[in-house]
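User: I've got a structure open and I'd like to work through it piece by piece. Can we do it as questions and answers?

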Amino acid sequence: MGALNKESYVVLGCIGIRLFVSLLFPSLQHQLDQAVEFSTPMTSFKSLYEGIYLLKNHIQVYDGGVVHHPVLLVWFFSQIPSEFLIDLLYAFIDGIIGYQLIQITKYLRKCTIPCWVVGAVYALNPLVLLSCVSRSSIIFTNLFISSALLYVLQGNILITAACIAIAGYLSVYPTLLLIPLLNMVRTTNRKVLTLVISLLTWQILLLLSYNVNGHDWNFLSATYGELITFGKVFPNLGLWWYFFVEMFDAFIPFFKAVFNLFLFSFIIPLTLRFHKQSLYAFVLCIGWIVLMKPYPTLGDSGFFLSFIPFFSPVFGYLRYPIFSSLLLLHGILLSPIFYHLWIDLGSGNSNFFYAISLVYALGLASILADLTWALLRYEYDDGKPNYKTKLTQI
Amino acid sequence: MGLFERVQRQVIARGLIPKVISLLPLISTLCIVLGIVIIGILPFEGQYRNTYISENALMPSQAYSYFRESEWNIVRGYRSQIVELRNASAVERNAIMSEWLQQFGTKTDIYQNHETGDTLYGVFHAPRGDGTESMVLAIPWFNADGEFNVNGAALGVALARYFSRWPVWSKNIIVVFTENPKAALRSWVEAYHTSLDLTGGSIEAAIVLDFAGEGDLFDYMEIYYDGLNGELPNLDMVNIGVFTAEHEGMKVSLHGTPFDKIKEDTLFSRLKILMSSIKNSALSGVKKTYGNEAFSGWRIQSVTLRARGQNGPFDVTSFGRVPEAMFRSINNLLEKFHQSFFFYLMLAPRHFVSISSYLPSTVAISIGFALASLNSYFNNPYYTLPFFSLYTLLSILFWFVSLVVTFIVSNIFIYSPFPTILLAVNIIICLYPAILKGNAFMKDLLSYRLRSTAFLFMSLLLTSLLMVNFPLAFGMGLLSFPMTQVKTITSDTPTISRTRVKNSVLLLVSNPFIATWLFSLLCDNEFSGLDVFERLVSASRELGCWTWLVLCVGWWTPWLLVAISALDTVKLSNDSEDFKKQQ
């Protein structure tokens, strides 16, 4: 009973904090929505709002080139009557994600951390908190990713398949997570079933979108097209934008393909290598997508970092946690400052911001690499930690 | 990777890691020394560079300056009229000046502000421009010392008249007359970018004229360039000021170098200007403001030109030729100022160091704090405990609470400053460990973790401040460093009372308010008594300078944590319940 109480406190606290911050600082949402760290053209609430307006006034949503949110999301928001309900919805969704993380922890036999701690880490994670307050639409993708993970652990492949399809519908790249997810499904029959269901769900969603969008397929290029081809070269924390600012036009399509391929290329190897630790493979794939996607926000990395408590059995094997966390900390702290120097004061330039986003990417990458190493060491030691032995990587 | 592995194996084989960890306090102190040395060697021959005009389009003093004999009587005429306005009200002064400006076709308007005083400004539209860019000539009626800026105002209107007859301008010229160079000018700049109707496009550069008195002559020129919050104008802007002034034969002084010392170019003179430039930039807005500070934060390159002395060989028109030539230079620009340095320190009017030379010093100081943080994490009997323990969480909680407290106190202080109470409270906090002796209330592990959090925060703060406001980061790093030497007191500590006294002294010295106060009294003759606090607050309120906030939130917060950690503690002994539970 005590444990249960703690968990519900955590979830309620998670919702409470978010509502508290949103209602106490009403201007914060707008400010965060302006910050490149929390908002991209693909996830910004401002453009979503524009989409709602257009939809309500029966104007083609995607003609203006401003809105890149999926049709159904815009439609869903156009049904919400008040601002307060939107705040409530966002807070509530974060609460659900926190709850799902707690539930997922229960399926980890080796995890030494109490379940509620995982939820508390999510609830107090400032990145997720601020991302939620900024009303970034990435939270919906995150919700469906964590739902997919939870239901696959519960063995409910129907919902899993639907959830991952919805996550993919919302922002394409989570579709790749289907691969590690299939690895978590037991028999071949069920795997095929999952695949079929998620494809079906996806088709249905697209057809629904087609209908809602006034029988026009133009939403495909405005949402997925723009996302995959990095249509809007906006500065963000990712690795893409700087390349495409500097590049000769002739090379751009080629390198966009390369970047996408690169993103894809690590998913299958990670899944194969950790097929016995399938949940960890799933988490590492999330991390890899967060690192490599064209429009990442701090909300993405906050979501990924919330999974790190799952790795508690292998914490002892981490080789440079201080290094990685300092890198990430500095990257996150300095990025708004360098952006300010570049955009507001004019005394810096784009190299400043890109340099710091590289530091941030290096931080994420070193966390990923370190976790991978720790998992491999754990496997090598066969579950009986032996910190004395020193192994070389090669 | 192979090399890395080999190094790693050697390090482990020789047991270097425990050795390094036990030497952390020493290494951290060495980092600070290194930071000082890096700054200290800058004035040596070969470490600094000579200034040069980086943007070729500027071509300072390439055109002949015509603001000479023909304008002499005009300046004098305006001056004799302005002298009579000395006791007139601001409204009268502005009305007359506005009439003069309109006589030669300048559009004028008055920006009304009841708190800071009205500001008159006129826009002369460029004959050859598209009207999207402008240059500002700002003249405070009363300068930083409160003197009536007679010559400055006369020059301002005479220059405006003279410029209006020229067809060469490709940027609009805005003439601004404000009551003072501080809040009034600042509020006008803000209003220009937010609410004013009559505007002349984005301001590229601004020159503030300061020539008090009615005499014809002056000895030398002083240039002020420090912006608020660590901002500096592009080095090219300072350079064209220095180049054009020296082209006219004047000597240029930076950071209050007296006339007889300007010629000196020795190690000591360079060191002195370097130190003053760090100090003045760190205290910019807090010290007297000469006008150029008002333009900070809007991508405007600004300098203040001030005439000093009264008997020299130069007359009013030669002072006027400097802004004339500078405006001609800026007028040539096709792009914004971007070529030259935005981050630099001056050692002489023609010597500077760029950021790559001086930045490492504060990086070293920041690393020093990070190492101090690691030191208090590792160098105690409990380093084997997991990171996520109750005590770490407690220390983070303490940090968060003191962050909120310092933020609230700093904001309250802005509206009702009581410096004496603030100092008294801080002194009491310093002496508290000695007063409370024997009454231990926390475990020694918490004390270590508190310091660890505090120093990590300080290190992160210094790193964040590094690029934005280097002088402030450097000064704060140096002055707050003594607090890394504070030691935890347990019952095992040998010479317990000596440690207590030492802790109290270290806390006193590194307290943000006491240290700032002592620094202002010892290192600058502009401050007296406690007025540094009032000035910090007024800079924050009137100019939007965030030095006060940084002192409170950035420095006071970790200091409070360190002060708490200096209280007496109980040993979290090996056989206690806590320790077992933690393990």
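This is a predicted model: local features need pLDDT of at least 70, side-chain atom pairs count only at pLDDT 80 or more; totals for chains, interfaces and linings use all residues.

User: Which helix gives the largest share of the side of domain 1 of chain B that touches domain 2 of chain B?
Analyst: Several helices of chain B supply at least two residues each to that side: α3 (24-40), α14 (444-468), α15 (470-480), α17 (512-523) and α18 (531-543). The largest share is 7 residues, and the helix it comes from is α18(B).

User: Which residue does Lys182(B) form a salt bridge with?
Analyst: The rule finds 3 salt bridges across the interface of domain 1 of chain B and domain 2 of chain B. Chain B's domain 1 covers 18-43 + 356-582, while domain 2 covers 69-349. For Lys182(B), the closest N and O atoms are 4.0 Å apart, and the partner is Glu542(B).

User: What area is buried between domain 1 of chain B and domain 2 of chain B?
Analyst: Start with who touches whom: 28 residues of domain 1 of chain B are in contact with 27 residues of domain 2 of chain B. Carbon and sulfur atoms give 66% of the buried area. The total comes to about 2400 Å².

User: And how many Å separate the centres of domain 1 of chain B and domain 2 of chain B?
Analyst: The centres are taken over C-alpha atoms. On that basis, the separation is 41 Å.

User: What is the bridge partner of Asp210(B) in β10(B)?
Analyst: β6(B) is also joined to strand β10 (residues 301-308) of chain B by 6 bridges, and these two run parallel. In β10(B), the partner of Asp210(B) is Arg306(B).

User: Last one, over in chain A. Is Asp94(A) buried or exposed, and why?
Analyst: Asp94(A) sits in helix α5 (residues 83-106) of chain A. Leaving out residues up to four places away in sequence, its contacts include Cys14(A), Arg18(A) and Tyr122(A). Because its relative accessibility is 0%, and the cut-off is under 20%, Asp94(A) counts as buried.

Notes
Residues are numbered from 1 along each chain as its sequence is written. Chains are lettered from A and ligands numbered from 1 in the order in which they are written. Side-chain values use heavy atoms; hydrogens and water are left out. Two strands pair if DSSP finds at least two bridges between them. Helices (H or I, at least four residues) and strands (E, at least two) are DSSP runs, numbered from the N terminus. Domain bounds come from an automatic or database domain assignment. Contact means heavy atoms within 4.5 Å. Buried area is the accessible area (1.4 Å probe) that two parts lose on being put together, summed over both. A salt bridge is a side-chain nitrogen of Lys or Arg within 4 Å of a carboxyl oxygen of Asp or Glu. Buried means under 20% relative accessible area, exposed over 50%, partly exposed in between (1.4 Å probe, protein chains only).
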